[in-house]
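Student: Please take me through this model step by step. I would like to start with the terms.

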Amino acid sequence: MTSLSKDASDDAPTTPETPLVEVKDLKVHFPITRGVIFDRVVGFVKAVDGVDLSIPRGKTYGLVGESGCGKSTLGRALLQLTPSTGGTVTFDGTQITGIGPVKLRAMRRRMQMIFQDPLSSLDPRQNVESILIEGLAAHGIGKGRDDRRQRVAETLDAVGLPRWALSRYPHEFSGGQRQRIGIARALVLGPDLIVADEPVSALDVSIQAQVINLLEDLQDQLNLTYLVIAHDLAVVRHIADVVGVMYLGALVEEASSDELYAEPLHPYTRALMSAVPVPDPDVEDQRERILLAGDLPSPANPPKGCRFHTRCPWAQPTRCADERPALRAIGDVGTHRVACHWAEDIRSGVLKPHEVRADVVRPAGDDEIVMPDKLDLSNFDPHM
Ligand SMILES: Nc1ncnc2c1ncn2[C@@H]1O[C@H](COP(=O)(O)OP(=O)(O)OP(=O)(O)O)[C@@H](O)[C@H]1O
Ligand code: SF4
Ligand SMILES: [Mg+2]
């Protein structure tokens, strides 16, 4: 057993069939405040608003959707780095929503995160060795300094960095190498789950494939489970077993990667897919393009009914504007889930798309509202 292997004593009494992660009706609502002297809560940004998903052990769940739809918030809430407002997250049989800070901290060793921009989450004053040893010391892993150094050296080998990297500082590395340091920092603790938030978006295309391949190799060797968040549908298709498409805080479609790319059923997924260029020029010239009207509505004031109805080219006069569709299984296999009242009729072609006029949805008087800042990662401590 290498020092990167997981400790058997950590395993909760669950079967291999139990999903490693189960999320039920998860909600994260950020308060919106107004006022100069006294802050009053005048509403909530419903960044995540009722998400159900599960991730089997050793598999990759890919999460896609427009900027601001709540992907990162969902990723952080999965690890309870951002506290949830409602719903539950169960990790390896233990419900981690609502547990105390000491127990949560112990679970966190097994749930790590990789960020889009590793530089902003790596302390520039620490060299690589001290970044990696800090995590081990914080979680009491390793029997003394030599044991920890051995573990750090093995981790460095696993992510393809040379040993001399140990004495260097984050700014001395290229973007791809820095992402390897970010992966090593997560890996050194022997996690079971890694949430990778846009892990390759900041890298050159040539380097992206290397980092994706590294993540896949590590998954094979260590039976890791991933949630990979990405804008790029090609990245998700390549790496994910199951893909979830998010719109305004909720999943609108979920299927195996092959099923989703072969036959996207939700109108939003169809629009996302139709924007991806196809290499064959004949197919590219002839295929249908779905251009979405308007911007993503505000998560502080989401449209009633189906949240996509203000932009949906298939929206119907009944149900769409007043009844929120549940994510339900379509077809015989039961693994393709879609949140659309009319999915069967859209699939069969009975319903045809129509033109949509852009509709701007904003909270009343939003110019006076103080929106809370996004999370600042410069002081991020992955061990807390
Ligand atoms: N800490 C926070 N406080 C208040 N609002 C927040 C906070 N973090 C995120 N939000 C809001 O929640 C919504 C979802 O944000 P989130 O960062 O999760 O989206 P995203 O899908 O990851 O976007 P991107 O693709 O741009 O990274 C946005 O409207 C954002 O402004
Ligand atoms: S429920 Fe209606 S508005 Fe929503 S995606 Fe389906 S057709 Fe479009
Ligand atoms: Mg994000």
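Tutor: Helices (H or I, at least four residues) and strands (E, at least two) are DSSP runs, numbered from the N terminus. The model is predicted: local features need pLDDT of at least 70, side-chain atom pairs count only at pLDDT 80 or more, and totals for chains, interfaces and linings use all residues. Residues are numbered from 1 along each chain as its sequence is written, while chains are lettered from A and ligands numbered from 1 in the order in which they are written.

Student: Which element gives the most to the shell around ligand 1?

Tutor: A residue is near a molecule if its C-beta atom, placed from the backbone, lies within 6 Å of it. Around ligand 1 there are 15 residues, with Ser72 and Thr73 among the nearest. S2 and H1 each give two or more residues to this shell. The top giver, with three residues, is H1.

Student: How many residues of helix H1 are buried?

Tutor: Buried means that 20 or more other C-beta atoms lie within 10 Å of the residue's own, placed from the backbone; exposed means 12 or fewer, and partly exposed is in between. H1 covers residues 71–78. Its buried residues include Lys71, Gly75 and Leu78.

Student: How many charged residues does the shell around ligand 2 have?

Tutor: Ala, Val, Leu, Ile, Met, Phe, Trp, Tyr, Cys and Pro count as nonpolar, Asp, Glu, Lys and Arg as charged, and the others, Gly among them, as polar. Ligand 2 is surrounded by 14 residues, and Cys306 and His309 are among the closest. By class, ten are nonpolar and four polar, so the charged count is none.
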